[in-house]
Amino acid sequence: MEEFSGTTAQLDFGRSISLGSNPAIPVRNNATATPGLRYKNLGKSGLRVSNVGLGTWPIFSPGVSEEQAEAILRLAIDSGINLFDLSEAHSGTRAELELGKIIQKAGWKRTSFVITTKIYWSTKSDERGLSRKHIIESVQASLQRLQLSYIDIILVHKADSMCPMEEIVRAMNYVISQGWSMYWGTARWSPVEIMEAYTNCRQFNCVTPIVEQAEYHMFCREKAELYLPEMYNKIGVGFMAWGPLSMCLGDTQNSERLWLPKGSFKTKSQSYSWTEDEVNKEERLEETRRIFDKARDISTLAEKLGCNAMQLSIAWSLKHEPVQCLLLGATSPEQLHQSLQALQLLPRLSTGVMLEIERILDNKPVRPPPISTLALR
């Protein structure tokens with residue numbers, strides 16, 4: 001096991017900050033790629049994206065001004081990020097409207113960035129579902145709001161059990177054939193649903209999905225580590241992850257600053273997404289205590305590595321090979337700058353460091369053993 005010493009030389013991570021703070025740290029103004037930024041093929045397609053993308057759900061939240069949102073996007077472009085992710089489930093239509101205005105104002109070349117947006121998730125009952133009608137109308141509305149001639153990737157946000165899979169894949173194939181989108185993918189689909197979509201695409205000669213967007217961080221690992229690599233090897237579906245910046249900082253009783261997963265603590269699926277249902281209060285509190293203890297140990301390890309826990313979480317996620325693009329969020333240019341410094345931590349995540357993190361987390365997913373039907377007779 002590698003020893004960690006407080007005297008170890010630290011990388012230039014800057015001052016550790018809590019989310020929402022606005023320290024006076026230098027921000028990049030020149031269009032130079034961030035050290036550690038890489039470009040990868042998304043799935044087994046030819047589309048190359050930066051290994052970190054920008055999720056727009058915090059950028060266009062009510063507490064962020066238009067000027068600040070534009071500054072974040074400009075910093076992302078200057079740093080080499082070329083993928084922007086949107087969703088009607090997060091910021092409604094505002095994100096697409098504001099991003100469209102900023103793109104037109106900045107005059108960025110359309111070939112220099114990749115836009116992903118999602119359809120299906122809506123609070124209005126007449127706009128829910130994945131019927132051919134709703135898919136086509138949603139794509140056309142997104143194009144109008146973004147003021148673009150096409151969207152690079154349309155992600156279907158959750159499968160629709162009330163709609164035949166054949167109708168979904170045929171509608172997505174039509175959207176691509178019309179030139180409204182270049183690719184399509186899924187978000188929050190189960191491996192079974194992804195395989196069903198792929199099978200229908202092959203059966204009806206339709207374009208297959210190239211990516212699944214799923215939650216992945218230190219406390220949500222099973223789907224990303226056990227099943228999505230298999231999807232990539234078998235049918236070429238890539239993995240776009242989100243999660244590290246869905247975590248937030250919290251105060252302990254002794255005023256230490258620690259990060260904790262945001263949202264409900266659900267033991268059934270080991271997911272801490274804000275979209276999950278709540279478990280009973282006692283189980284949630286007990287799970288919170290266990291996660292809090294692990295988070296404190298991770299924060300201590302991060303200090304020894306010369307970074308903060310948020311940066312360590314980002315670097316840890318990127319260290320896993322199946323992650324082709326990791327979505328980050330930010331409410332200020334300074335916060336995005338701090339997050340991007342995590343890329344410099346990757347060379348220091350040696351085998352010893354990764355084993356130490358595994359020891360602290362103690363939640364490495366294991367595929368359940370196959371059950372023989374003969375044993376049940």
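Reader: How many bridges pair β7 with β8, and in which sense?
Author: In this predicted model, β7 and strand β8 (residues 211–215) pair in the parallel sense over 2 bridges. Two strands count as paired if DSSP finds at least two bridges between them. Strands are DSSP E runs of at least two residues, helices are H or I runs of at least four, and both are numbered from the N terminus.

Reader: Which residue stands opposite T186?
Author: E212 in β8. A187 has Q213 in β8 as its bridge partner.

Reader: How does the chain get from β7 to β8?
Author: Through α5, in a right-handed β-α-β crossover. Right-handed means that, with the strands pointing away from the viewer, the path from the first strand over the helix to the second runs clockwise.

Reader: Is β7 covered or open?
Author: β7 is mostly covered, with 5 of its 7 residues buried. Buried means under 20% relative accessible area, exposed means over 50%, and partly exposed is in between, with a 1.4 Å probe and protein chains only.

Reader: And β8, which residues sit on each side?
Author: V211, Q213 and E215 are on one side, E212 and A214 on the other. All are buried, so-called covered on both faces.

Reader: Where does β8 go next?
Author: β8 pairs with strand β9 (residues 238–242) in the parallel sense, over 5 bridges. E215 has W242 as its bridge partner in β9. The crossover from β8 to β9 passes through helix α6 (residues 222–235) and is right-handed.

Reader: Switching to β5. Why call it enclosed?
Author: Strand β5 (residues 114–119) has 6 of its 6 residues buried, so it is largely enclosed by the rest of the structure. V114, T116 and K118 point one way, and I115, T117 and I119 the other way.

Reader: Which strands pair with β5?
Author: Strand β4 (residues 83–85) is joined to β5 by 3 bridges, running parallel. F84 stands opposite I115 there. β6 is joined to β5 by 4 bridges, also parallel. T117 has I154 in β6 as its bridge partner.

Reader: Now packing. How many residues are in the largest nonpolar core?
Author: 88. Those with the most contacts inside this core are L54, L73, L99, I115, L312 and I357. α4 gives the most to this core, with 7 residues. A nonpolar core here is a set of buried Ala, Val, Leu, Ile, Met, Phe, Trp, Tyr and Cys residues joined through side-chain atoms within 4.5 Å.

Reader: What does I357 touch?
Author: M218, I298, L301, L312 and W316, leaving out residues up to four places away in sequence. A contact means heavy atoms within 4.5 Å.

Reader: Where is confidence lowest, and where highest?
Author: Lowest in strand β10 (residues 247–251), at a mean of 36, and highest in helix α4 (residues 165–177), at 98. That is pLDDT, the predictor's confidence in each residue, from 0 to 100. The chain mean is 82, and 77% of residues reach 70 or more. pLDDT stays under 50 over residues 1–30 and over residues 262–272.

Reader: What ground rules apply?
Author: Residues are numbered from 1 along each chain as its sequence is written, and side-chain values use heavy atoms, without hydrogens and water. Local features need pLDDT of at least 70 and side-chain atom pairs count only at pLDDT 80 or more, while totals for chains, interfaces and linings use all residues.
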